[in-house]
Amino acid sequence: MAKFKKIKVPKEGQKITVVKNKLTVPDDPIIPFIEGDGIGPDIWRATKMVLDASVDKAYKGKKKIVWMEIFAGEKAVKVYGKNKWLPNETVDAIREYVVALKGPLTTPIGGGIRSLNVALRQKLDLFACVRPVKYYAGTPSPVKRPQDLDIVIFRENTEDVYAGIEFKARTKAANEIIEFINKGYKKNIREKSGIGIKPISKFGSMRLVKKAIEYAIENNRKSVTLVHKGNIMKFTEGAFKEWGYEVALKEFRDYIITEDELWDQVKGPDGVTPMTKPGAFKKLRGGKPAGNPGSRIVVKDRIADQMFQQLLLRPSEYDVVATPNLNGDYLSDAAAAQVGGLGMAPGSNISYFTGLFEATHGTAPKYAGMDKVNPGSLILSGVMMLRYLGWKEAADKIENSIKKTIRSKVVTYDLARQMKGAKKVKCSQFAKEIVKNMK
Ligand code: NAP
């Protein structure tokens, strides 16, 4: 066990472990949390109140989360000293305790770190950014039928133009690369251009798509859509699509059918096919048949620009989405806007087993300490975390209660300003209301 300098390991509680490729969760798991900067402490307090109440109500004392504070951002600087925005022991603690919850963090100016979130993703190899996007009745939305959107986006987190391989225009490196490509490969990059590199690997693409398909199997989802811009960027985005189909067919042949196969066999993507082998789904952890009994998960692909239209015009045709980094970034926020915005959008960054669950918005510094903002994003990230632990009953309780609370129009300022007849409450009051409505 790692010895920590500033992190106080609780006396009670046990570690979550990974045994034989399976997450093993004790009844009293120690879960590290990062409170976050700006509005972080407000939404963290509200979230803790709701999560603890749901576990208590669902398991009547038989299960309990034992929280362990770890530090990043401004609080880490206070605790560890100047420029210590992301202490090593914070990263070690997440690795060791496997599952953690995190509030938003200020992006430090100077100090050698581009973004704490990116640093955490890289250090822990959290290669999949997972964002479920679905509608909670009553939430103000700009579209007519927000309830038709219910997707889970798997965004690749480590590659693509986000890999951070960039060279400023007119620097030696940029000039050398331009010369190398223009001369060696007879291309015509304009001189004095800035250069960014877009690496997309077979390994990175396959592990992301694999994760998305496993999720679809375990959660009875109907389809996995590979979203790419391969018509233009053939050897990066196009390759992502090819490798996605390859891993789907190689590792999940008994569970999936491609959209093309479906058209060939049943002349329509209704999810039922003569190829189905009963029992095939039992092979994976907790796997159950997806959709109708006897049906397979449909693996299809869409070009990124048209996917934005599809989510607006035919949202119910999409379910799990797997996509490279940049597409995923744009798509996640656009989809979240469709169901009411970032205030209610949960997220997580996961590796093979490590899971860091986090609010998707930032620190909103102008509201810091005002007990004002919507804690929904962090609470729903906590719901994702509970599902990840297999604590479905507690997760359901929160989701049902949030639905009830929003329907009753007792909401924070961000939702209240868009709803007729709403009662505006503080962050902590919204959390209390969720606890009160919990059955
Ligand atoms: P932001 O903190 O997300 O805030 C932008 C606006 O979004 C707020 O002014 C507020 O809108 C609304 N908002 C955000 N969270 C809300 C909540 N919980 N409830 C209700 N409304 C909410 O974005 P930013 O101002 O661009 O970034 C501030 C800092 O956060 C920066 O240092 C940035 O780098 C960092 N950041 C961190 C993360 C992360 O840790 N994951 C993510 C993004 C940004 P109104 O003004 O309309 O009320």
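**Helix packing and ligand contacts**

Reply: H1 passes H11 in a right-handed crossing. This is a predicted model, where local features need pLDDT of at least 70, side-chain atom pairs count only at pLDDT 80 or more, and totals for chains, interfaces and linings use all residues. Residues are numbered from 1 along each chain as its sequence is written, and side-chain values use heavy atoms, with hydrogens and water left out.

Me: What makes a crossing right-handed or left-handed?

Reply: The near helix is turned from the far one: anticlockwise by less than a right angle is left-handed, clockwise is right-handed. H1 with H12 is right-handed. H11 passes H12 in a left-handed crossing.

Me: Why are H1 and H11 called oblique?

Reply: Their axes cross at roughly 40° and come within 9 Å. Axes are lines fitted to C-alpha atoms, for helices over the stretch in contact, and angles run from 0 to 180 degrees between N-to-C directions. Under 35 degrees counts as roughly parallel, over 145 as roughly antiparallel, 65 to 115 as roughly perpendicular, and the rest as oblique. H1 and H11 are therefore oblique to each other.

Me: What makes H11 and H12 roughly antiparallel?

Reply: H11 covers residues 376-389 and H12 covers residues 392-407; they pack at about 155°, with axes 8 Å apart. The cut-off is over 145, so H11 is roughly antiparallel to H12.

Me: And what is the relation of H1 to H12?

Reply: Their axes cross at roughly 120° and come within 8 Å. That makes H1 oblique to H12.

Me: Which residues of H1 and H11 meet?

Reply: Contact means heavy atoms within 4.5 Å. In H1, Ile 43, Trp 44 and Thr 47 are among the residues that meet H11. On the H11 side, they include Leu 378, Ile 379 and Gly 382. By class, this contact of H1 with H11 has nine nonpolar, three polar and no charged residues.

Me: How do you know which class a residue belongs to?

Reply: Ala, Val, Leu, Ile, Met, Phe, Trp, Tyr, Cys and Pro count as nonpolar; Asp, Glu, Lys and Arg as charged; the others, Gly among them, as polar.

Me: Which residues come nearest to the ligand?

Reply: Of the 20 residues around the ligand (a heavy atom within 4 Å), Thr 107, Gly 362, Ala 364, Tyr 367 and Tyr 413 come nearest.

Conventions: Helices (H or I, at least four residues) and strands (E, at least two) are DSSP runs, numbered from the N terminus.
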